[in-house]
Amino acid sequence: MNAIEISGLNWKYSGKDQPALKDINLSICENTFVGIIGSNESGKTTLVSCIKGLIPENYSGVYKGEVKLFGKSIKECSTVDIARTVGMVFSDPDAQFTSMSVEEEIAFGLENMGLPVSEIKERIEWVSRLTSIESLLEKPPYDLSGGQKQRIAIASIIAMKPRIIILDEPTSMLDPFAKDNIFSLLQTMKRELKVTIIVVEHNIEKIAELADQIILVSDGRVEKIGESQGFFDDIEFIESHSVKVPEAIKFIQRLYKEKGLCGSAPVRFDEIKKAAEELLGK
Ligand SMILES: Nc1ncnc2c1ncn2[C@@H]1O[C@H](COP(=O)(O)OP(=O)(O)OP(=O)(O)O)[C@@H](O)[C@H]1O
């Protein structure tokens, strides 16, 4: 089943001359991991805000077209329905906290859902194990590092068990160590959770590593949508949209060409390494 279907979507923010989204048509199958890539101001956040229903609900502007979640138009969904179906994590973890301890922070969303205390306890235990935050539960969120805060923000969303989780540049405000940490958490989420995960991200190597499907947004349009294997085959096309194709992917593509191999070269690091070793006879 499709988790998301978007047809003929156009959105123009009030006061802007140009639409931020132009004739978007796409569908995303449930339980896939999707990476959204594109240059600055290309429309990535605007697109995920439409999937989360923040647009048109919280913004003024001109909206045309339709977004469906699991077959139902978001125009027909209540705010509560959308909130339960789609969880969203933003880049600034500080902006997301309201409670005095990590445990309370995770419990807050669950209490709002009206869950019984026993279920809240179970979910907190489950999500703390999954995201490796057991040792942080009693700490105040403001006392944690940026990476830990982002981990808590993600845990709070996972605990609510939405069917779609959107992460909008979840690592952009973190140091390299914390970034890696969040990428391994995304890997765990992909492996362990049965949800549709959408990540807006500038780190193309990591997206190639994690995503089943990639969407390239440029100047408010979806320029390309496809499986990660093969997505970067036309380097010139991708780079003409101000997205840099990772060097490792370029290298293995060159090697494939030199050896006269047909088909798409791999895009995941381990597979690139293995293919390169075989082709170079190491
Ligand atoms: N609240 C807003 N009001 C008016 N215009 C906006 C608003 N938010 C975004 N825009 C405009 O919409 C266009 C797309 O912006 P958006 O933030 O969706 O891009 P993005 O690809 O997520 O960028 P980045 O990678 O820099 O975060 C830009 O021209 C931007 O200036």
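Two residues are taken to be in contact if their C-beta atoms, placed from the backbone, lie within 7 Å. Helices (H or I, at least four residues) are DSSP runs, numbered from the N terminus. The structure is a predicted model, in which local features need pLDDT of at least 70 and side-chain atom pairs count only at pLDDT 80 or more, while totals for chains, interfaces and linings use all residues. Residues are numbered from 1 along each chain as its sequence is written.

With these terms in hand, helices H10 and H11 can be considered. Ala248, Ile252 and Leu255 of H10 meet Phe269, Ile272, Ala275, Ala276 and Leu279 of H11. By class, this contact of H10 with H11 holds eight nonpolar residues, with no polar and no charged ones (Ala, Val, Leu, Ile, Met, Phe, Trp, Tyr, Cys and Pro count as nonpolar, Asp, Glu, Lys and Arg as charged, and the others, Gly among them, as polar). H10 (residues 247-258) and H11 (residues 269-279) pack at an angle of about 30°, and their axes are 10 Å apart; axes are lines fitted to C-alpha atoms, for helices over the stretch in contact, and angles run from 0 to 180 degrees between N-to-C directions. The crossing of H10 past H11 is left-handed, that is, the near helix is turned anticlockwise from the far one by less than a right angle, with clockwise giving a right-handed crossing.

The buried residues of H10 are Ile249, Ile252 and Gln253 (buried: 20 or more other C-beta atoms within 10 Å of a residue's own; exposed: 12 or fewer; partly exposed: in between; C-beta atoms are placed from the backbone). They cover an arc of only 105° around the axis, which puts them on the same side of H10; the arc is that of the directions from the helix axis to the C-beta atoms. These buried residues pack against H8 (204-210), H9 (235-239) and H11. The face of H10 turned away from its buried side carries exposed Glu247, Arg254 and Glu258. Glycine 260, with a positive phi near 65°, follows H10.

H4 passes H6 in a right-handed crossing. Val102, Glu105, Ile106, Gly109 and Leu110 of H4 make the contact with Ile152, Ala155, Ser156 and Ala159 of H6. The residues of this contact divide into six nonpolar, two polar and one charged.

Finally, eight of the eight residues of H1 (residues 44-51) are buried, so H1 is largely enclosed by the rest of the structure. Glycine 53, whose phi is positive, near 80°, follows H1.

How values were computed. Helices (H or I, at least four residues) and strands (E, at least two) are DSSP runs, numbered from the N terminus.
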